[in-house]
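The tour moves from ring to ring, then to a pocket.

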Amino acid sequence: MLKIPVSPRIERLREIYYNGPVFQEQLPYYRIRRQYLNYIKAYLANPKPSVLLRKSYAEGEMLKQMNPIIEKEELIVGKFDFYPLTEEEQKECDECEAKMTVAPEGSGMKGHMVPDYPKLLRLGVEGILQEIRHYRSQLDIDANPQEDLVKDEFYECCEAELEGLLVLQKRYAQHAREMAEKETDKEIKRNLEEIAKVMDWVPAKPARTFREALQSIHFYHFSLWNGCHFGRVDQFLLPYYTKDIQAGILTKEKAQEMIDCFRLIAVSYMHPDTSVNVLVGGRDPQGNLVENELTEMFLVSVENIRTMHKVEFAISSETSDELLRYAIELNLKGFTLPSLLNDDVITEGMMQAGFPEEDARNWANTGCVEITPIGKSGIFVVSPYHNMAKMLLEAMKQQVHSTEELFEEFKKILRREIVLGQRTENRYQLERTRVSREVARLSCLVDDCIKQGKSIDQGGARYNQIQPNFLGLANVADSFTVLEELVFDSKEYSLEEFCWILEQDFEGYEHLRSKILHQIPHYGTNQERADKWVQRITDAIVECCKGLTTFRGSFLSPGCFSYLEHERHGLKTGATPDGRKAGYPLSSGSSPVQGRETDGPTSAMLSATSWDHRSFLGGVAVNMKFESNRTDDETLDKFLALLKVFLARKGFEMQINAASNQQLEEARKHPEQYRDLMVRVGGFSANFVLLTPKMQQEIIDRNMHSL
């Protein structure tokens, strides 16, 4: 196992980034004020004949005007100008913004995909521009305007944005050179000179070295203002790494430092509740095991940089125990990473959904847990979120006389909500054919947009599923168990009485709530009676998603996880029959209800894998909480055995929290001392001290397992 310790450079950069405005002020990830001012000024000053052209020329002009920002010790550069506007600039911004009502913006999902970064490394931006101009030269917009004029507009949008990116690249190179000329420290001076050389070349031209490859994809990526991710870095970066190592121009220590810089810089511009993901391990498109030095080094970066930005570990049946043990060790040390994804099950699910085998193997987790094919996706993820707890509460108000009748009413409401949600998503996609939401340069790295002359929003991507997400699975499953026993079997309560008790939020009925919590079986305890309801509900979700078509001509692929939505929807949801009080967060993803995993981690894991995850390409997150800081051989062996059972039972993804409740309580009292304390929320990692009080309590309420 190749473990290279963190360098002093990384520690210094961590302090700079974590003390920057994004982390300190939790700035959202959108065009910050100065860039936004340049964008709207350009939009208003360029009366092009279409909204799409105006937007792309404004994007290009904004990129040209961006101030290069370089920290002296950075090895990878490219971030935003956070200097506040002057009073005069703010006045100008307010005046321009008041006029921007003429600039429509598309709605719906943005980003959550992996562009074809290997293509960028092969061709460079200049090569992509040549490809665009080749296709554009074949058009006849006068003889065939209905088709070719649309394509010509798309190509012009791409050119305007890419040319702006090339200007920004040159400005970075010049800025680094000017900084080097003024620098007196020899080591910093050499680094700035190297930055200038690298930025003279990429991303305009094909990458030649490992550093150029990292710099190229980061520079393109940070310009997108989008929730995109890097994909299978240990596959497409390996040739550059190997070549440089063999040529003697790169050491393993320097490569690790570059990887750490590459991953750490996102802290400087991404909101703390978001993430830039990299994926390692699994298999390549031909089915060969992927396990190399870069796989190890990206895993090591988890420990070195200690950030919420995710390393995802795709695990196949052939993954070595050595890497599995290290991945477990990292999680149990409290880093909450890497996420542990079942490559074999996800590939099987992709093929079951109709993806060709090569594309089914070339998947990535493109956000929390959602799965999309790399470089070919126009997929809407988490679109929309559906609150199943509310659906059950509505079903309970119908005239039903048995558990089966109640379940049928629940399914009718579920189908209705899916249909209505899909109509809204289709309207979003319709509108985006006219005004778009994705920047055109993103489409340049998505098959088959350039070939078809269509942007992602115009349907140019090869795959266009929509992934609705379903909240409150465990709440609803446990609720059916409760209602089956107390209302329809024993008839201790009528359904009307139970609805009234829920409206009282169990006030005066604490004995009933105690019975629900402590005497009735729960999902998460490996009891067939409770688990069967999860099986039936997930089967119903899949069934109710069938037969619906997206505006772009594809199908629905459900997910069952949460970002922060189980808290947000829980706030607006009344008490539920499983004993959950009104306003409390819903269950997290596909995990059991908080506090109900009372029979240990094995029982919890067996329940979590008692239903078929393969149809849920929208994501399945199983969150488990363990005692922290125990990484002795015996503990690792036990966890490895547990993980292998999870994989063998076709579990989708396991996510781990390893922080004691005592530590979490201390962090609530003294947040300034726990800035680095990471926790898994739904499908993402977050700094515990930045979560809302309700979300912090939800994390604390989860069962703590020991091995």
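Is Trp-533 buried or exposed? Select Trp-533: its relative accessible area is 0%, so this residue is buried (under 20%; exposed is over 50%, partly exposed in between, with a 1.4 Å probe and protein chains only).

This is a predicted model, where local features need pLDDT of at least 70, side-chain atom pairs count only at pLDDT 80 or more, and totals for chains, interfaces and linings use all residues. Residues are numbered from 1 along each chain as its sequence is written, and side-chain values use heavy atoms, without hydrogens and water.

**Aromatic rings**

The structure holds 20 aromatic pairs (Phe, Tyr or six-membered Trp rings with centres within 6.5 Å; stacked under 30 degrees between planes, edge-to-face over 60, tilted for the rest). Phe-480 sits in helix 21 (residues 473-489) and Trp-533 in helix 24 (residues 528-545), 53 residues apart (helices are DSSP runs of H or I, at least four residues, numbered from the N terminus). Phe-480 is also buried, at 0% relative accessibility.

Next, select Phe-80, Tyr-172, Phe-219, Phe-222 and Tyr-269: ring pairs link them into a cluster.

**Charges over rings**

Show Arg-536 over the face of Phe-407, 4.4 Å from the ring centre (NZ of Lys or CZ of Arg within 6 Å of the centre and within 35 degrees of the ring normal). Then show Lys-205 over the face of Trp-201, at 5.5 Å.

**Last stop**

Which helix gives the most to the lining of the second largest pocket? Select helix 6, with three residues (a pocket is an open set of points on a 1 Å grid over the protein atoms alone, where a 1.4 Å probe fits, with protein on both sides within 12 Å along at least five of seven lines; lining residues have an atom within 4 Å of a point).

Conventions. Helix = DSSP H or I, 4+ residues; strand = E, 2+ residues; numbered from the N terminus.
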